[in-house]
Amino acid sequence: MGLDAYQRTLKNTEHPSNTEYRLFAEITRDLISAQQRGGVDAALVEAIDRNRRLWIALATDCADDANRLPRETRATIISLSIWVQKHSRAVTREGEDIQALVDVNRNIMKGLKPS
């Protein structure tokens with residue numbers, strides 16, 4: 001019980017960029033795992049969906065005028081989100097390679113990496 005309470009507290013006090021990094025890492029790991037299995041299965045669809053929802057949340061946050069990121073950075077994240085949505089459909093419906101989604105996530109993780 002003590003460990004659970006500690007982990008909840010850690011999540012509540014964690015810097016937002018560390019939380020984003022952790023989420024990107026978890027989802028990217030799932031994408032890579034699905035890629036290694038090959039083909040379209042339930043795990044791939046779930047990993048793609050989680051990644052897609054993450055990017056939608058980022059774009060929604062960046063569309064808010066209260067967001068303190070520079071306007072150009074916000075626009076880039078929104079554009080990437082749109083691309084992620086399109087490529088995700090291509091992966092699940094047309095068999096496109098998932099690697100591009102992994103690469104984009106890894107690049108974002110580099111910028112978020114905790115010190």
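Modeller: Helices α2 and α3 are roughly antiparallel to each other, a label used for angles over 145 degrees, with under 35 counted as roughly parallel, 65 to 115 as roughly perpendicular and the rest as oblique. This is a predicted model, in which local features need pLDDT of at least 70, side-chain atom pairs count only at pLDDT 80 or more, and totals for chains, interfaces and linings use all residues. Residues are numbered from 1 along each chain as its sequence is written, and side-chain values use heavy atoms, with hydrogens and water left out.

Biologist: At what angle do the axes of α2 and α3 cross?

Modeller: They cross at roughly 150° and come within 9 Å. Axes here are lines fitted to C-alpha atoms, for helices over the stretch in contact, and angles run from 0 to 180 degrees between N-to-C directions.

Biologist: Which residues of α2 and α3 make the contact?

Modeller: On the α2 side they include Leu 23, Phe 24, Ile 27 and Leu 31, and on the α3 side they include Leu 44, Ile 48, Asn 51 and Trp 55. Contact means heavy atoms within 4.5 Å.

Biologist: How many aromatic pairs does the structure hold?

Modeller: The structure holds 1 aromatic pair. Phe 24 and Trp 55 form it, edge-to-face, at 5.6 Å centre to centre with 75° between the planes. Rings of Phe, Tyr and Trp (its six-membered ring) pair if their centres lie within 6.5 Å; planes under 30 degrees apart count as stacked, over 60 as edge-to-face and the rest as tilted. The pair links distant parts of the chain, as Phe 24 is in α2 (residues 16-37) and Trp 55 in α3 (residues 42-63), 31 residues apart.

Biologist: Are Phe 24 and Trp 55 buried or exposed?

Modeller: Both Phe 24 and Trp 55 are buried, that is, under 20% relative accessible area, where exposed is over 50% and partly exposed lies in between (1.4 Å probe, protein chains only).

Biologist: What about Asn 51, and which residues is it in contact with?

Modeller: Asn 51 lies in helix α3 and counts as buried because its relative accessibility is 0%. Leaving aside neighbours within four places in sequence, Asn 51 is in contact with Ile 27, Leu 31, Val 84, Leu 101 and Asn 105.

Biologist: How do α3 and α5 pack?

Modeller: Helix α3 and helix α5 (residues 99-112) pack at an angle of about 45°, with their axes 12 Å apart. That makes α3 oblique to α5. Ile 48, Asn 51 and Trp 55 in α3 meet Leu 101, Val 104, Asn 105 and Ile 108 in α5.

Biologist: Changing topic, where is Trp 83 found?

Modeller: Trp 83 is in helix α4 and counts as partly exposed because its relative accessibility is 31%. Not counting residues up to four places away in sequence, Trp 83 touches Ala 100, Leu 101 and Val 104. The C-alpha atoms of Trp 83 and Trp 55 are separated by 9.7 Å.

Biologist: How many helices and strands does the chain have?

Modeller: The protein chain has 5 helices and 0 strands. Helices (H or I, at least four residues) and strands (E, at least two) are DSSP runs, numbered from the N terminus. Of the 115 residues, 30% count as buried.
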